[in-house]
Amino acid sequence: IERSRLAEALDPLSLTIHQVVGRCLYWARHLDEAIAHLQATLEMDPRNTITYTWLARAYLAAGRPEDVVQLLEAGMGRTRRSAHFLSLLGCAYARLGDRDKALGILQEIDRSPFRSSTLIGLGQTEMALDALEQDVEARTGFIFVLAVDPFFDGLREHPRFSRILESVGLK
């Protein structure tokens with residue numbers, strides 16, 4: 001966090017560096033600060049899909065699925081309808097109790113790398129782990145952050161998750 005803030009001070013107009021600060025705050029579980037920072041970053045470029053992604057993840061980690069729905073529905077109107085957006089939206093719908101919408105999204109992104117997000121939201125742990133294992137095998141998705149991402153905290157005690165981390169050198 002300290003180094004990313006230093007980079008931000010040195011280059012205050014860099015969208016990428018602002019995103020890095022937001023991600024570091026998110027990974028450190030400083031969720032309120034991460035959300036505020038990523039909201040400000042989104043104002044710098046309201047069409048940047050990466051900022052939407054990390055802000056949605058921070059909202060989910062903070063238990064704010066309704067904000068994810070609002071953010072991503074608006075975001076898909078400004079950017080594109082990506083599988084990652086949809087997977088996070090599916091997770092948010094599941095956490096709001098709208099299984100039908102979550103399952104509809106899951107069907108739409110059936111073989112996408114990111115589908116584990118919706119499966120986690122639906123409480124389908126074994127299927128989510130299957131999807132993560134497929135992501136590791138295909139070298140897709142968000143494998144590089146599995147060890148630190150709060151999104152996966154509910155899986156950390158599962159032996160299969162530990163094996164996944166070990167298989168990619170993150171144990």
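Visitor: Which residues is F151 in contact with, once its neighbours within four places in sequence are left aside?

Guide: In this predicted model, F151 is in contact with Y26, R57, L60, L88, C91, R95, S117 and I120, where contact means heavy atoms within 4.5 Å.

Visitor: What makes the charged end of R57 one that sits over the ring of F151?

Guide: The charged end of R57 is 5.0 Å from the centre of the F151 ring, and the distance limit for a charge over a ring is 6 Å, with a further condition of within 35 degrees of the ring normal; R57 is accordingly listed as sitting over F151.

Visitor: Why is the pair of F151 and F152 called edge-to-face?

Guide: By the rule for ring pairs, the count comes to five aromatic pairs. In the pair of F151 and F152 the ring centres are 5.5 Å apart and the planes stand at 80°; centres within 6.5 Å make a pair and planes over 60 degrees apart count as edge-to-face, so this pair is edge-to-face. Both F151 and F152 are buried.

Visitor: Why is the pair of F152 and F161 called stacked?

Guide: The centres of F152 and F161 are 6.2 Å apart, with the planes at 25°; because planes under 30 degrees apart count as stacked, the pair is stacked. F161 is buried, as is F152.

Visitor: Which residues have the most contacts inside the largest nonpolar core?

Guide: That core has 50 residues, and those with the most contacts inside it are L71, L72, L132, L146, F151, F152 and F161. Its largest share, eight residues, comes from helix α6, residues 83-95.

Visitor: How do you know that the span of helix α2 agrees with its number of residues?

Guide: Helix α2 covers residues 15-27, and at 1.5 Å a residue its 13 residues should span 18 Å; the end C-alpha atoms are 18 Å apart, so the two values agree.

Visitor: What makes α2 mostly covered?

Guide: Of the 13 residues of α2, 10 are buried, which means that each of these has under 20% relative accessible area. Among them are L15, I17, H18, R23 and Y26, and what covers the buried residues includes α1 (2-10), α3 (31-44) and α4 (49-61).

Visitor: How do you know that the protein is as compact as a globular protein of its length?

Guide: The protein has 10 helices and zero strands. Its radius of gyration is 16 Å, close to the 16 Å that the globule rule gives for 171 residues, so the protein is as compact as a globular protein of that length.

Key:
Residues are numbered from 1 along each chain as its sequence is written. This is a predicted model: local features need pLDDT of at least 70, side-chain atom pairs count only at pLDDT 80 or more; totals for chains, interfaces and linings use all residues. Side-chain values use heavy atoms; hydrogens and water are left out. Rings of Phe, Tyr and Trp (its six-membered ring) pair if their centres lie within 6.5 Å; planes under 30 degrees apart count as stacked, over 60 as edge-to-face and the rest as tilted. Buried means under 20% relative accessible area, exposed over 50%, partly exposed in between (1.4 Å probe, protein chains only). Helices (H or I, at least four residues) and strands (E, at least two) are DSSP runs, numbered from the N terminus. The expected span of a helix is 1.5 Å times one less than its number of residues. A nonpolar core is a set of buried Ala, Val, Leu, Ile, Met, Phe, Trp, Tyr and Cys residues joined through side-chain atoms within 4.5 Å. The radius of gyration is taken over C-alpha atoms; the globule rule is 2.2 Å times the number of residues to the power 0.38.
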